[in-house]
Amino acid sequence: MKDSRLSPSSRLGGAVISDRIVSALLDELRTGRYSEADRLPAEVDLAAELGVSRTVIRDALSEMERAGYIERVRGIGTVINRTVLNLRSRLDQKLEYYPLIRNFGSYPHADDLPDACGGRACP
């Protein structure tokens with residue numbers, strides 16, 4: 001008798017697919033066919049275009065909305081937030097400080113910092 005429950009890998013399949021859709025859409029928004037657009041096409045059209053279900057598109061768009069890349073407005077559609085999309089670095093996302101500093105072309109160091117007690121023995 002087959003177990004009707006899904007295996008952990010198939011349950012995670014939707015999340016992996018939506019992550020790939022997010023990545024693909026961000027690429028399209030930055031340099032692809034939507035680079036000049038103000039809004040994304042309807043969910044149904046995106047699903048047909050990308051060959052995935054509308055549920056996967058909804059998951060991907062929800063993730064993008066949480067990250068601030070888009071805003072979904074009833075009656076208007078999915079509006080692209082170019083300000084957030086064009087940011088070079090985002091401090092609101094989990095980043096390590098050293099890679100962040102290196103990302104700006106600097107080298108992290110602590111040279112020439114005065115000691116906490118101004119050169120005398122700390123109490």
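Predicted model: local features only at pLDDT ≥ 70, side-chain atom pairs only at ≥ 80, totals over all residues.
Leaving aside residues up to four places away in sequence, Leu 40 touches Leu 29, Tyr 34, Leu 46, Leu 61, Ile 70, Thr 78 and Ile 80.

Three strands make up an open sheet, ordered 1-3-2, with antiparallel pairing. Strand 1 (39–40) and strand 2 (70–73) are the edge strands; each has a single partner strand, so one side of each lacks a neighbour in the sheet.

Strand 1 and strand 3 (residues 77–80) run antiparallel and are joined by two bridges. Arg 39 has Val 79 in strand 3 as its bridge partner.

Helix 4 lies across strand 1, strand 2 and strand 3, and runs at about 115° to strand 2.

Helix 4 (residues 54–66) also meets helix 3 (residues 43–50): their axes come within 9 Å and cross at roughly 110°. Helix 3 is therefore roughly perpendicular to helix 4. On the helix 3 side, the contact involves Glu 43, Val 44, Leu 46, Ala 47 and Leu 50, while helix 4 contributes Arg 54, Ile 57, Arg 58 and Leu 61. Classed by residue type, this contact of helix 3 with helix 4 comprises six nonpolar, three charged and no polar residues.

How values were computed. Residues numbered from 1 in each chain as written. Heavy atoms only, no water. Axes fitted to C-alpha atoms, helices over the stretch in contact; angles between N-to-C directions. Helix = DSSP H or I, 4+ residues; strand = E, 2+ residues; numbered from the N terminus. Parallel < 35°, antiparallel > 145°, perpendicular 65-115°, else oblique. Contact = heavy atoms within 4.5 Å. Nonpolar A, V, L, I, M, F, W, Y, C, P; charged D, E, K, R; others polar. Pairing = 2+ DSSP bridges.
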